[in-house]
Structure formats: structure tokens, C-alpha cells
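Here are a few notes on the helix packing, since you asked for a second pair of eyes. Have the viewer open as you read.

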Amino acid sequence: MRALLAGAGAFPEPDESEEAQASGILQLRPLPSVETAVRTLASTLHRAGVSTGGDPLLEVDQATLLEHWRRLRQSTDGEPLILHFAGHGIRGANGGLYLCTAGADARDEFLDDTCVAFDRLLSMAENGGRPVLFLLDVCGAGQAVVQQQLQDLAACRPQDGVRNAWIIGACTNDTDTYGARFTTATATVVNRLTDGALDLTPTLEYVPVDTLAAAINRELARADIAEGRHHQTIVRTPQLEAAPEPQPFLRNPAHTGDPRTALLEGMDPRLREFAHACSPGLDPLHFATRAAGNSQADVIHFSGRAGALGFIQNWINNPADQSDPEDEQPPDLGRRLLVITGGAGSGKSALLGITACLTHPELAPLRRRVRNAVRGFRPAPAGPVLAVHARQLSLQQIIDSLHHQLHQQVSRADSRPRWERSSRVRTAELLRELKRAGEMLVILDALDEAIDPAQVVSELLMPLANESSPRPGPRVLLGTRRWWETQPFFRDGYGYQLPPPVPVHAQAP
């Protein structure tokens with residue numbers, strides 16, 4: 001990826017005499033902000049991995065700009081290019097946009113001799129067979145988009161035809177821009193991109209042009225509001241396709257080939273955004289989608305299982321209560337472990353997903369949506385709530401996630417760090433810290449899909465379940481298929497067996 005950055009702002013002070021005013025000739029005023037803004041953008045693009053060829057072309061004349069652009073186009077074989085220009089822009093008598101390079105004469109008869117006609121640059125780009133992005137920080141920049149649309153009509157370009165040139169302009173075709181604000185805003189956005197602070201899905205390898213333009217527009221609006229200025233509107237090349245492939249101009253530093261990130265694509269952007277920030281091992285998308293009953297978690301389809309929900313709520317809210325002696329379910333609700341089990345599709349994960357979404361602090365953004373779907377279910381655990389989706393996790397990963405969540409919640413509540421953050425914690429250490437923290441709820445789903453379920457049972461779950469201290473301590477809500485390692489749970493009365501294939505979720509219409 002290569003770029004050419006240019007600007008011209010060292011024009012002489014205008015003649016304020018009556019004769020000059022009466023002539024009606026447009027006088028180009030000096031633009032002192034151009035040099036600093038262009039240098040800053042060149043530096044930020046270089047930081048983002050774009051080759052800028054050294055110093056930008058400042059106070060460049062027409063011939064020099066065109067020659068550098070020709071050499072750049074001919075020295076690379078199909079490589080995407082960016083051309084940025086900051087300075088004055090003039091619309092000629094023919095309706096075309098002209099970029100005012102050094103020595104420009106604003107009179108119509110001299111524009112083609114002293115300025116760079118944008119339609120010439122556009123034709124070079126469209127005929128060149130490579131992606132080119134124009135960033136235009138000039139007055140009337142929107143006229144460049146008008147010329148591109150007219151060129152499309154003249155060429156009878158198909159709506160899904162290949163496009164080689166894209167434009168992002170500082171303002172509409174009938175408005176002015178000042179102070180190289182567009183260039184400064186673009187530099188700020190590129191810096192955010194490089195720092196990973198721009199909201200982009202990691203499934204995209206490159207930043208879409210419309211996303212870049214929208215981010216520049218937001219940054220410019222923020223700066224305008226802060227300084228009490230009228231907001232100017234950013235314009236760009238229109239995109240007719242509903243789902244175009246992003247052009248290869250600026251790389252997305254958050255891009256990853258991990259197929260798991262594809263699960264985030266197409267989800268509610270707010271859900272996707274907070275999912276990235278949640279604790280490792282929590283897997284908010286698992287709990288959210290199981291609670292919702294659909295892969296996008298946009299609508300909650302959960303219904304039924306009132307008996308199971310009531311049992312879980314009573315076990316969480318009233319740990320010392322006794323169940324009905326005639327109930328076939330476990331008689332002692334004060335036990336520290338409750339296992340929800342059943343066959344495939346019986347609703348184990350849906351029940352745990354509903355419970356996690358209503359109780360875990362990191363899943364709070366989903367709480368209202370889920371609560372409206374299960375109005376009679378109001379679990380109210382005392383103390384912290386930890387949750388882990390155990391699928392394909394080792395015992396060490398489960399322990400690390402529980403420790404991280406415990407540290408986050410207890411430290412936040414006490415305003416002092418009880419435990420140092422650690423990437424690896426021994427099982428015995430975690431058990432001591434869980435007991436020391438007092439009453440809490442631990443939700444562990446898909447135990448049977450962990451890397452070594454038997455090890456998780458013997459080294460973590462059974463020590464918690466068999467804790468004999470009268471003090472309140474951690475209580476575990478476990479979801480798993482019934483297999484031989486879970487038999488002790490049911491023999492000792494820890495299990496709640498879901499009846500088979502009554503659907504847990506209503507089908508989406």
C-alpha cells in the first residue's frame with residue numbers, strides 16, 4: 001500500500017484594493033494550516049503501514065504533482081494507491097473541480113494551465129486497473145463525486161461493475177472547508193485504527209471506505225462541536241452493492257483468521273462490541289445465544305420449563321429451604337452443587353444461559369431483553385456470579401477464567417485488590433480463594449465437552465460439593481449431559497434431570 005500526500009497553502013496575501021475587488025477575480029488566500037496537517041497525516045499513515053515515500057509534497061506545482069503521480073503509478077504493479085491533496089479547490093466554468101497547486105491562477109482561462117483537473121486524475125485511476133483512494137481536503141470536494149457519477153453514466157457502468165476509484169471529500173460540492181480540518185480528522189481516525197480503537201469486526205481484513213468516511217465524519221463533527229463551529233458534511237463515492245468486499249487500502253489490525261470470530265459477524269454490533277471485552281472463558285455469545293434460542297441473540301425465543309426455572313430460582317434464592325418431600329427431585333436445596341442434565345436438545349444450556357444473563361454482571365447489557373421473556377424467573381444470588389462455558393477448555397483454563405472473574409468482581413466491590421492478577425492459578429489456590437470470598441454462584445456449562453471432564457469433576461467440582469463448613473460459600477450450577485462421571489451427583493442427590501424432547505425454545509416465526 002502506497003500513498004502520495006500533497007498540499008499547497010503558501011499563497012500571497014490578497015490584494016485588498018478597490019481595483020482588485022472591482023475586477024471580480026477570485027483571489028486565493030494563504031492556508032497556513034495545510035503544512036502541519038499534511039505532515040501529521042503522512043506520519044500517521046506511515047505508522048499504519050502505508051508507504052508514503054518520505055516527506056509529503058508541499059507547495060507543489062501542477063507539473064511536479066502530475067509527474068510524481070505518474071511515477072508512483074508506473075513504479076508499482078497493481079498495488080493500491082492513496083492520493084491526498086489539501087489546499088484550495090475551484091470549480092471551473094465547465095463544472096469540473098480543480099486542485100489549486102502552487103502558482104495557480106484562479107481565472108477560468110488559466111485553470112488547465114496552472115491547476116490539476118480532478119477529472120484527469122479520475123480517468124487515470126479508472127483506466128489504471130488498480131484500486132485508488134482520493135482524499136480531498138478542498139472546497140467543493142463533493143464535485144469530484146458528481147464528476148465520478150457522470151463518468152459512470154457516460155461509460156454505462158453496470159451497478160455491480162468493477163470500480164477502481166473511490167473518493168472521500170471534505171465537504172459537499174457547494175460548501176467550503178477551512179483549516180485543513182478534514183486532514184486533521186483523517187489523521188486522528190487513522191491513529192485510532194492503528195491503536196485498535198476503531199470499532200471494526202475482526203472478520204474484515206481491510207477497512208471499508210464507507211466505514212472510514214463515517215469515522216472521519218464523526219471525528220470532524222466532534223471537533224466542530226467542541227469549537228462551536230458549523231459542521232461540514234463529509235462525502236464519498238456511493239456504493240450500490242448491499243454487501244461489497246472492502247477495498248485493500250487500510251488494513252484492519254484487529255483482523256484474525258480465527259473461524260470463531262465469524263460467529264460475531266451479523267450479530268447486534270452492541271452485543272459484538274461487549275463480547276470482545278468480556279472475561280476469557282466466560283463466552284457471552286454462548287450464554288446469550290442459548291438463552292435467546294437463535295444464533296444472533298437479537299430476539300429471545302425461550303419459553304416453557306417453568307418447573308425447572310422455579311427449581312433453580314428456589315435453589316439460588318433460598319439455599320436453606322427444603323423441597324416438597326414428595327418431589328422426586330433432590331430433597332436438600334442447601335447443597336452446594338446443582339446439576340442440570342438431560343439429552344441433546346433438552347434445554348440444559350438454555351436454562352443456564354437464562355440464569356447467567358440475569359445474574360452475571362458482565363452480561364448486564366442483555367438483562368432487560370432476557371427478563372422480558374421470562375417474567376416469572378427472578379434469581380437473586382448473594383455475592384459474585386462467575387460463569388464459564390467449558391467446551392474445549394482444560395481444567396487450567398476453567399480455573400484461570402474463574403480466578404479472573406472473581407478478581408474483577410471482588411476487587412471492584414471492595415475498592416482494593418485482594419488477589420494479584422495471574423495468568424495461571426493452581427486448583428488448590430482457587431478453592432481457597434473461592435471459600436474465602438464467601439457466598440457466590442458459579443455457573444459452569446457443557447462440562448461433558450471440556451477437554452478432561454473427569455479431571456474437572458474430581459479436582460474442582462467434588463471439593464466444592466463436599467465442602468462441610470457451615471459458613472456460606474460458593475455454590476455451583478452445572479450443565480452437562482448425563483455420563484458415567486456424573487453418576488455420583490445423582491446417587492447423592494445433586495442432580496435435576498430434564499425430561500426428554502419437550503422443546504425448550506419456541507420456533508422463530
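Predicted model: local features only at pLDDT ≥ 70, side-chain atom pairs only at ≥ 80, totals over all residues.

1. Start with helix H2, residues 34-47. Its 14 residues reach 20 Å from the first C-alpha to the last, close to the 20 Å expected at 1.5 Å a residue. After H2 comes Gly 49, with a positive phi near 95°.

2. Which residues of H2 are buried? They are Val 34, Ala 37, Val 38, Leu 41, Ala 42, Thr 44 and Leu 45. The spacing is worth a look: an α-helix has 3.6 residues a turn, so residues three or four places apart point the same way. The cover over the buried residues of H2 includes strands E1 (2-7), E2 (57-58) and E3 (81-86), along with helix H7 (181-195).

3. Now for H10 (residues 284-292) and H12 (residues 348-359): their axes come within 7 Å and cross at roughly 115°. That makes H10 roughly perpendicular to H12, and the crossing is left-handed. On the H10 side, the contact uses His 286, Phe 287, Ala 288, Arg 290 and Ala 291; H12 brings residues including Ser 349, Gly 353 and Cys 357. By class, the contact of H10 with H12 has eight nonpolar residues, three polar and one charged.

4. H12 also packs with H11 (residues 306-317), at about 45° and with the axes 11 Å apart. H11 is therefore oblique to H12, and passes H12 in a right-handed crossing. Here Ala 308, Leu 309, Ile 312 and Ile 316 of H11 meet Leu 351, Ile 354 and Thr 355 of H12. Six of these residues are nonpolar and one is polar, with no charged ones.

Technical notes:
Residues numbered from 1 in each chain as written. Heavy atoms only, no water. Helix = DSSP H or I, 4+ residues; strand = E, 2+ residues; numbered from the N terminus. Expected span 1.5 Å × (residues − 1). Buried < 20%, exposed > 50% of the residue type's maximum accessible area, 1.4 Å probe, protein only. Contact = heavy atoms within 4.5 Å. Axes fitted to C-alpha atoms, helices over the stretch in contact; angles between N-to-C directions. Parallel < 35°, antiparallel > 145°, perpendicular 65-115°, else oblique. Left-handed = near helix turned anticlockwise from the far one by under 90°. Nonpolar A, V, L, I, M, F, W, Y, C, P; charged D, E, K, R; others polar.
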